[in-house]
Amino acid sequence: MEITYRDIQFIRSFHEELYEDLKPLRKFAEENYIPIAKPEVAAFLSFMVRLKKPLNILEIGTAIGYSTIIMARAYQNSKIVTIERDINLAEIAKKNFKRAKIEGRIDLICGEAEEVLDNLTNEYDFIFVDAAKGQYLEFYKKIREFVPQDGIVLWDNILYKGYVVGEEHVKHKRRTIVYRMREFIEVLKKDKNFYTVILPLGDGLALSIREE
Ligand SMILES: C[S@@+](CC[C@H](N)C(=O)[O-])C[C@H]1O[C@@H](n2cnc3c(N)ncnc32)[C@H](O)[C@@H]1O
């Protein structure tokens, strides 16, 4: 017997909102159609940061700062560089960082990740990728340079609403994203420097660790 949708609903209800003060952020995101990490993905993200205790975290896709706050709280000594291209969302995220009292540890860079990544020089021992699904392959080529041995990368939404796996006809507007995501998964799988697993969390989460 495999996991059913009912089980997934249980898993989701098991992972209630981690922090009471983040409930209004989720409500705001829902009301404004801003996708943020599902509670079970947030819980897993928090778990991984607690386990890894990374000093330098990189996030691609800040939105309103929900997942950034989750990571910052999971390990108080971490510093986070987070990238967001939408200036309005970045402004909201900044306010949320202040409210969460973590602003001193966050460097929010507003811009296109592809360009911002070219100017980063640090190593990041934990990376959370949660941005444009069609660009994961491009992000991967750039960020693999920043990951030291034992560094971890989490790739969210890699199954893209089920379209990546499905054989059925993919609508034109989604086709490019789906083909690119499939290509990305193949490249990641073949990369001998990373050991990768895919977990059935949220919209599909890949977890990679740099081995050499
Ligand atoms: C799914 S949301 C991020 C949610 C956030 N990680 C959370 O869980 O709270 C994706 C965000 O990535 C941003 N984004 C998408 N593509 C981007 C890119 N190429 N460069 C920078 N930001 C990007 C979008 O504007 C959007 O706010």
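This is a predicted model: local features need pLDDT of at least 70, side-chain atom pairs count only at pLDDT 80 or more; totals for chains, interfaces and linings use all residues.
**Note on helix α5 and the annotated positions**

1. Residues are numbered from 1 along each chain as its sequence is written, and side-chain values use heavy atoms, without hydrogens and water.

2. The buried residues of α5 (under 20% relative accessible area, with a 1.4 Å probe and protein chains only) are L89, A90, A93, N96 and F97. They lie on the same side of α5 because they cover an arc of only 120 degrees around the axis, taken from the directions from the helix axis to the C-beta atoms. An α-helix has 3.6 residues a turn, so residues three or four places apart point the same way.

3. The cover over these buried residues includes α2 (23-31), α4, β2 and β3 (106-110). Helices (H or I, at least four residues) and strands (E, at least two) are DSSP runs, numbered from the N terminus.

4. Just after α5, K101 takes a positive phi of about 60 degrees.

5. E84 lies in strand β2 (residues 79-84). E84 counts as buried because its relative accessible area is 9%. Beyond its neighbours within four places in sequence, E84 is in contact (heavy atoms within 4.5 Å) with residues including L89 and A90.

6. S67 lies in helix α4 (residues 66-74). S67 is buried because its relative accessibility is 6%.

Technical notes
Buried means under 20% relative accessible area, exposed over 50%, partly exposed in between (1.4 Å probe, protein chains only).
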